[in-house]
Amino acid sequence: MEKPTRTDTNAGATIAHVGIAVRGLAEGVSFYRDILRMPEVPLSDSDGAKIVGLAAGDSLVELLEAEAPDSPIGKFVAKRGPGIHHICFAVDDLDATLRRCRDAGLRIIDETPRLGAEGKRVAFLHPSATAGVLVELTEK
Ligand code: CO
């Protein structure tokens, strides 16, 4: 059997963005924008976080700065410091994917999808279901 190419593998989930928690957007942005030359993408704030998007091909890095200490990002940074907060995968059919998660007994944080920073429906899965990574699902 031939090895699948990278194009073949786009049939499944793709990485929509990687969410990185930062203490301050100004210090976080400079590496990605000025050193890696990733263009800034406007995004709306979400979940009590200010967000700057930086394009990485078809994907994004989202820098997340807490607006309040008791927001999800505020608590994350207080406990663990800045770093990768979540990975967002885009799937063909969000409802069907959530159904498969439910059937497999995986712990879902958002039983009902809600609107994310990119204006698309999103749902988070609990890290206990995903090898320790907070996973966000969105639609392609
Ligand atoms: Co996200």
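Is Arg33 buried, exposed or partly exposed? Arg33 counts as partly exposed, at 35% relative accessibility. Hold on to that residue. We will come back to it.

First, what we are looking at. This is a predicted model. The mean pLDDT of the protein is 91. Of its residues, 94% reach 70 or more. Among the elements, strand β5, residues 83–91, has the highest mean pLDDT, at 97. Helix α1, residues 6–9, has the lowest, at 60.

Now the overall build. The protein has four helices and eight strands. Starting at the N terminus, the order is α-β-α-β-β-β-α-β-α-β-β-β. The C-alpha atoms fill a box of roughly 45 × 35 × 25 Å along the principal axes. The radius of gyration is 16 Å. A compact globule of 140 residues would come out near 14 Å, so the value for this protein agrees. And how much of the chain is buried? Buried residues make up 42% of the 140.

Next, the metal. Which residues coordinate the cobalt ion? They are His17 through NE2, His86 through NE2, and Glu136 through OE. The distances run from 2.0 to 2.1 Å. Along the chain, the donors follow the spacing H-x68-H-x49-E. Look at His17 and Glu136 as a pair. His17 sits in strand β1, residues 14–22. Glu136 sits in strand β8, residues 135–139. They are 119 residues apart, and the pair links distant parts of the chain. The cut-off for buried is under 20%, so both qualify.

On to the charges. How many salt bridges does a search of the whole structure find? It finds nine. I will show a few of them.

Back to Arg33. It forms a salt bridge with Asp34, with the closest N and O atoms 2.8 Å apart. The side chain of Arg33 also meets that of Glu40 in a salt bridge, 3.0 Å from N to O. Together, Arg33, Asp34 and Glu40 are linked in a network of salt bridges. How open are the partners of Arg33? Asp34 counts as partly exposed, at 39% relative accessibility. Glu40 is partly exposed as well, with a relative accessible area of 43%.

Now another bridge. The side chains of Asp95 and Arg121 meet at 3.0 Å, N to O. Asp95 lies in helix α4, residues 94–103, and Arg121 lies in strand β7, residues 121–125, so the pair ties together parts that are 26 residues apart in sequence. Asp95 counts as partly exposed, at 35% relative accessibility. Arg121 also counts as partly exposed, at 25%.

Last stop, the surface. Which residues make the nonpolar patch? Phe31, Ile35 and Leu36 do, and the patch covers about 300 Å². Ile35 belongs to helix α2, residues 25–35. Ile35 is exposed, with a relative accessible area of 60%. The cut-off for exposed is over 50%, so Ile35 passes.

To recap. The cobalt ion is held by His17, His86 and Glu136. Arg33, Asp34 and Glu40 form a salt-bridge network. Phe31, Ile35 and Leu36 make a nonpolar surface patch.

Terms used: Residues are numbered from 1 along each chain as its sequence is written. This is a predicted model: local features need pLDDT of at least 70, side-chain atom pairs count only at pLDDT 80 or more; totals for chains, interfaces and linings use all residues. Side-chain values use heavy atoms; hydrogens and water are left out. Donors are N, O and S atoms within 2.8 Å of the metal (3.2 Å for Na, K and Ca); water is not among the atoms, so sites may look incomplete. Helices (H or I, at least four residues) and strands (E, at least two) are DSSP runs, numbered from the N terminus. pLDDT is the predictor's confidence in each residue, from 0 to 100. Patches are made of residues with over 30% relative accessible area and no salt bridge: like charges are joined within 9 Å, nonpolar side chains (Val, Leu, Ile, Met, Phe, Trp, Tyr) within 5 Å. Accessible areas come from the Shrake-Rupley method with a 1.4 Å probe; for residues, only the protein chains shown count as cover. A salt bridge is a side-chain nitrogen of Lys or Arg within 4 Å of a carboxyl oxygen of Asp or Glu. Buried means under 20% relative accessible area, exposed over 50%, partly exposed in between (1.4 Å probe, protein chains only). The radius of gyration is taken over C-alpha atoms; the globule rule is 2.2 Å times the number of residues to the power 0.38.
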